Structures are given as C-alpha cells and as structure tokens.
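Please look over the structure below before reading the numbered points. The notes begin with the confidence of the model and then move to its parts.

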Amino acid sequence: MTAEQSGQGLPPRATDAQGRRDNDIITFHTRKWVKPEDLNPNGTLFGGSLLRWIDEEAAVYAIVQLGNQRAVTKYMSEINFVSSATQGDLIEMGLRATSFGRTSITMTAQVRNMITRQMILTIDKIVFVNLDQSGVPAPHGYSEITYDRDRVPTATLPAVPPRD
Ligand SMILES: CC(C)(COP(=O)(O)OP(=O)(O)OC[C@H]1O[C@@H](n2cnc3c(N)ncnc32)[C@H](O)[C@@H]1OP(=O)(O)O)[C@@H](O)C(=O)NCCC(=O)NCCS
C-alpha cells in the first residue's frame, strides 16, 4: 500500500526556486475584498465571514479533486486567526490536499493579505467526505492531486432529501 492509499500523506515531489517541497506549496486562488458588511464590532474582518469563505473554497477544491459535487465538510481542526484584516484589505485563500483517504480528502488552508503576504488564518486539517447519490460515504478512487479540470463534474445534481 502506498502512502497515498493509506491516507498517510502525499509523498514529497519537486522543490521550487526557494527550495520548498511541492507538498509545502499552497496555490492561492480566490481573492476577496474586505467590505463593511464583513466586519465585526471591532472594525476588523468577522471570523464567521472568513470561515464561510474558506469552507466554500474548500468545497470547490474538494469537488475539483474528487470529481463529485456531493462532497461535504466532515471535520475542521483548530482554526488559528493569526492576524486581522480590515476594511479595504485584499485577501487571498489557498488550499492544498495533504492526503486522500478511501472516501475522504484532507486539506490544509491558509488565508493571507494579498499585498503584504501577512498570514491571517491557518487551518491545519479540513476533511471532506465524498458521498454517493443517497448521501452515503463512497470511495472516490483518487490518490493524487489534479492540477487540471479533468475531474470537474459537468452535470448539476439534484438535492438529496435529508436522511433520518
Ligand atoms: C459526512 C458523513 C456522511 C460521514 O459519515 P460517517 O458515518 O462519519 O462516515 P464514515 O465513518 O464512513 O467516515 C467517512 C470518512 O470520514 C472520515 N472521518 C470520519 N470522522 C472523521 C473525523 N472526526 N475526522 C477526520 N476524518 C473523519 C473517515 O475516516 C472516512 O474517511 P476514509 O473513508 O477516507 O477513511 C456524516 O458525518 C454527515 O452527514 N455529516 C454532516 C456533513 C455536513 O452536513 N457537512 C456540512 C457541515 S455544516
């Protein structure tokens, strides 16, 4: 059994110009502009807004990696609000899969200021579970990160009625 199959983490790959292993590199995709409605009474970015954005970002990442729109958040590890953002800040969110399980994918997340690169939030571990048509965990069959759109599901799925 490989490291990927056992969910022990993806094996190291190439290094970049700074000597970082590929596994350590997070690609930042979605950017947000912090607006008045995103603030808490302290005048800084409301944690709930940030968590909503990162959960949505992680859901899209899971869908792209697992090729299934029916992927749900199962678990989030400790969330570290490292520093605050304020109105007008441009922030960016990054995710990276750290392991593929049988029905799950585990990823790590970072949010940082787009200009200064100051870290705003880190989440070590976010787990999404791949579900079948009935909403039951199902094997996804993947063990490697895709950097293309080759797994993106093309059909929109009907909603699953809640289970008892
Ligand atoms: C997702 C859900 C169907 C999984 O049900 P379950 O009974 O835990 O399923 P399983 O025990 O088969 O576990 C499924 C996978 O999740 C992983 N998992 C379960 N609990 C976990 C936890 N606490 N931490 C990390 N991974 C966990 C398992 O290891 C398994 O992964 P693997 O197959 O890759 O090894 C169920 O928990 C659920 O419906 N949760 C609500 C999801 C939701 O609504 N999310 C939105 C949040 S608001």
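1. Where pLDDT is low, the predicted coordinates should not be read in detail.

2. This is a predicted model, in which local features need pLDDT of at least 70 and side-chain atom pairs count only at pLDDT 80 or more, while totals for chains, interfaces and linings use all residues. Residues are numbered from 1 along each chain as its sequence is written. The chain has a mean pLDDT of 88, and 85% of its residues reach 70 or more.

3. The largest nonpolar core has 27 residues. Such a core is a set of buried Ala, Val, Leu, Ile, Met, Phe, Trp, Tyr and Cys residues joined through C-beta atoms within 7 Å. Buried means that 20 or more other C-beta atoms lie within 10 Å of the residue's own, exposed means 12 or fewer, and partly exposed is in between, with C-beta atoms placed from the backbone. Ile54, Ala58 and Met107 have the most contacts inside this core. At least two core residues come from each of α1, β4 (90–100), β5 and β6, and α1 gives the most, with seven. Helices (H or I, at least four residues) and strands (E, at least two) are DSSP runs, numbered from the N terminus.

4. Leaving aside neighbours within four places in sequence, methionine 107 is in contact with Ala58, Tyr61, Leu95, Arg96, Ala97, Thr98 and Ile126.

5. Is valine 34 buried or exposed? Valine 34 counts as buried because it has 22 C-beta neighbours inside 10 Å. Its place is in the loop between β1 (27–33) and α1 (47–66). The C-alpha atoms of valine 34 and alanine 85 are separated by 7.6 Å, although the two residues are 51 apart along the chain.

6. Arginine 117 lies in the loop between β5 (104–113) and β6. Arginine 117 is exposed because there are 9 other C-beta atoms within 10 Å. Its phi is near 70 degrees, a positive value in a residue other than glycine.

7. Last, the ligand. β2 (71–76) and β6 (119–130) each supply at least two residues of the shell around the ligand, and the largest share, four residues, comes from β2.

Technical notes. Two residues are in contact if their C-beta atoms, placed from the backbone, lie within 7 Å. pLDDT is the predictor's confidence in each residue, from 0 to 100.
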